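Biologist: Could you walk me through the packing in the model shown here, with the cut-offs spelled out as we go?

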Amino acid sequence: MLAIIGGSGLTQLSNLDVSHREVARTPYGRPSGALTFGRLGKRKAVFLARHGHNHDIPPHRVNYRANLWALKEAGASAIVSVASVGAIPAHLNPGDIVIPHQILDYTWGRPSTYFDGDDTPVVHVDFTEPYDATLRVDLIRAAAAANISLQDGGVYAATQGPRLETAAEIDRYARDGATVVGMTGMPEAVLARELKLPYAAINLVANHAAGRGASRNGIHFERLEEVLQEAMGRVRALLNQL
Ligand code: HPA
């Protein structure tokens, strides 16, 4: 069963034909909200709103361990994360979709492993390729079949938030090789890997990153709702095709 974790702009999946909801408990506490089960196209799927149904959980306080654990327990066999991002290079614009292939992690202080040492062996999970290659290809093929254009590949910089970045930080991330910047991609991706769940991400560009393009003098989210609404239509179509 495919699991979808929705971020800002995707707190519910309107094309999911809902069968039931379940409030899960895990050894790591409660997930961000109820798991919504249903059908997406012909397949069973489960949806979870990363920031809660009322969008009141900030990125650094999301219980990533509980979220991934609950989805696995519920029978998820693969996870697609939907997350909005800021774009660093000039060719990317609000509304664009990127399927990232790499991660830079600048987050700190977030519980980011299931192998914490208490009663668990030390495990160093391989994370050379943080996203599942097959699931990425499936997403890219689904996009082609549904006539949705996207960028295949990008380096996702995970920042701590909830504040946005300074222009100098974005310059640094660009020098490091980052393409997009967001606040929730880690530790979500590594926890999925620890649970052996194939994981890939759909990054939706919400804005130019701080100091770049239209955000040269600051990030203004005036048109954000409009951009996200339109783009989430394409993301839903992509998920349906997948
Ligand atoms: N920075 C970090 N996270 C984000 C941004 C950004 O500019 N836009 C959407 N999520």
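Modeller: A nonpolar core is a set of buried Ala, Val, Leu, Ile, Met, Phe, Trp, Tyr and Cys residues joined through side-chain atoms within 4.5 Å, where buried means under 20% relative accessible area, exposed over 50% and partly exposed in between, with a 1.4 Å probe and protein chains only. This is a predicted model, in which local features need pLDDT of at least 70 and side-chain atom pairs count only at pLDDT 80 or more, while totals for chains, interfaces and linings use all residues. Residues are numbered from 1 along each chain as its sequence is written, and side-chain values use heavy atoms, with hydrogens and water left out.

Biologist: Which residues touch the most other members of the largest nonpolar core?

Modeller: This core holds 35 residues. Those that touch the most other members are Leu35, Leu68, Leu71 and Ile79.

Biologist: Which element gives the most to this core?

Modeller: Elements are DSSP runs numbered from the N terminus, helices being H or I of at least four residues and strands E of at least two. Among those that give two or more residues are β3 (35-40), α1 (64-73) and α4 (185-194). With five residues, the element that gives the most is α4.

Biologist: How are the rings of Tyr28 and Tyr114 arranged?

Modeller: Rings of Phe, Tyr and Trp (its six-membered ring) pair if their centres lie within 6.5 Å, and planes under 30 degrees apart count as stacked, over 60 as edge-to-face and the rest as tilted. The centres of Tyr28 and Tyr114 are 5.1 Å apart with planes at 70°, so the pair is edge-to-face.

Biologist: Which residues form one aromatic cluster?

Modeller: Trp69 and Tyr114 form a tilted pair, 5.4 Å centre to centre with 50° between the planes. The cluster consists of Tyr28, Trp69 and Tyr114.
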